[in-house]
Amino acid sequence: MRDTYRTKGLRKLMVEDLKHKGITDTNVLNAIAIVPRHHFVPASLFEHAYSDAALPIPCKQTISQPYTVARQSELLEIQRGMRVLEVGTGSGYQSAVLRQMGVFVYTVERQRELYEFSKKVFQSLSISIAGKYGDGYKGWSEFAPFDRILITCAATEIPQNLLSQLKTNGILVVPVGEEAQTMTKIIRLSENDFETSLHGSCRFVPMVENTE
Ligand code: SAH
């Protein structure tokens with residue numbers, strides 16, 4: 001799958017669309033302008049890779065809508081060189097956008113097929129990302145604490161164990177709720193103080209404990 005004039009052009013249009021929808025962080029927009037989303041969707045959905053829509057991927061999961069990826073990335077207030085944990089690798093697209101923003105990405109996925117799929121895409125695009133097959137509720141203690149933690153599946157409550165893997169002054173972004181969720185941003189002010197703010201409604205596949 002080559003990155004042709006057509007895919008480049010479609011990506012440019014998608015970035016313009018995201019600007020119109022209110023995304024202002026230029027680091028986010030620049031990364032989305034570069035990462036070839038068509039590599040992260042199933043081949044049969046290639047034609048839809050640059051529409052602002054969530055699309056089905058294997059294991060009954062979804063690649064997040066580009067607007068959602070942009071919004072979550074913006075809420076994280078990313079700076080180059082940070083260490084970011086993502087829970088819910090899925091297609092790998094969100095991880096690739098974060099990597100393109102100059103951070104070190106550690107991503108966890110509970111579906112083996114998606115873990116393998118994303119690993120292949122990262123390799124084929126020479127994107128260096130640390131991926132793990134496992135339960136995101138556990139985080140990734142070997143590399144903790146993180147500057148930022150992003151959860152890309154819906155948690156019924158804020159996962160406390162993940163807060164413990166967040167640095168002081170770190171930010172965690174998570175959709176919280178059941179059917180529909182509220183995008184929630186938490187800043188760790190000190191060891192025991194957290195500031196929570198809410199950022200609109202959203203819809204994600206559920207975060208499920210890995211019982212394997
Ligand atoms: N960030 C992804 C979105 C994938 S959808 C992308 O850009 O494509 C959310 C993903 O979270 C699914 O792949 C699902 O399998 C995964 N997930 C759900 N519960 C999880 C858990 N406890 N640990 C890790 N991944 C989980």
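Where is the place of threonine 156? Threonine 156 is found in the loop between strand E6 and helix H6 (160-163); helices (H or I, at least four residues) and strands (E, at least two) are DSSP runs, numbered from the N terminus. The structure is a predicted model, in which local features need pLDDT of at least 70 and side-chain atom pairs count only at pLDDT 80 or more, while totals for chains, interfaces and linings use all residues. Residues are numbered from 1 along each chain as its sequence is written, and side-chain values use heavy atoms, with hydrogens and water left out.

At 48% relative accessibility, threonine 156 counts as partly exposed. Buried stands for under 20% relative accessible area, exposed for over 50%, and partly exposed for values in between (1.4 Å probe, protein chains only).

The ligand is surrounded by 27 residues, where a residue is near a molecule or strand if one of its heavy atoms lies within 4 Å of it. The closest are Gly88, Ser91, Glu109, Gly136 and Val208. By class, the shell around the ligand divides into 11 nonpolar, 12 polar and 4 charged residues; Ala, Val, Leu, Ile, Met, Phe, Trp, Tyr, Cys and Pro count as nonpolar, Asp, Glu, Lys and Arg as charged, and the others, Gly among them, as polar.

A polar side-chain atom of glutamate 109 lies 2.6 Å from an oxygen atom of the ligand. A nitrogen atom of the ligand is 3.0 Å from a polar side-chain atom of glutamate 86, and a polar backbone atom of glutamine 94 is 3.1 Å from an oxygen atom of the ligand. The ligand taken alone exposes 580 Å², of which the protein buries 99%; accessible areas come from the Shrake-Rupley method with a 1.4 Å probe, and for residues only the protein chains shown count as cover.

The space taken by the ligand is the largest pocket. On a 1 Å grid over the protein atoms alone, a pocket is an open set of points with protein on both sides within 12 Å along at least five of seven lines, whereas a cavity is a set of points where a 1.4 Å probe fits but cannot get out; lining residues have an atom within 4 Å of a point. A molecule sits in a cavity or pocket if more than half of its atoms lie within 2 Å of its grid points. Two or more residues of the shell come from each of strand E2 (61-63), strand E3 (83-87), helix H4 (93-100) and strand E4 (104-109). E2 gives the most, with 3 residues.

Threonine 107 lies in strand E4 and is buried, with a relative accessible area of 0%. The side chain of threonine 107 makes a polar contact of 2.8 Å with that of glutamate 86, and another of 2.7 Å with the side chain of threonine 89. A polar contact is a pair of N or O atoms within 3.5 Å; within protein, one must be able to donate a hydrogen and the other to accept it, and residues adjacent in sequence count only if both atoms are side-chain atoms.

Helix H3 (residues 66-75) is largely enclosed by the rest of the structure, because 8 of its 10 residues are buried. The buried positions in H3 are Pro66, Thr68, Val69, Ala70, Gln72, Ser73, Glu74 and Leu75. Glutamate 77, which follows H3, has a positive phi near 50°.

Phenylalanine 146 lies in strand E6 (residues 146-151) and counts as buried, at 0% relative accessibility. Phenylalanine 146 and phenylalanine 104 are 42 residues apart in sequence and 9.9 Å apart in space, C-alpha to C-alpha. Proline 145 is found in the loop between strand E5 (130-133) and E6, and a cis peptide bond with omega of about 0° joins alanine 144 to proline 145.

Positive phi values also occur in loops. Cysteine 59, in the loop between strand E1 (55-57) and E2, has a phi near 65° and is partly exposed, with a relative accessible area of 24%. Serine 126, in the loop between helix H5 (112-124) and E5, has a phi near 55° and is exposed, with a relative accessible area of 68%.
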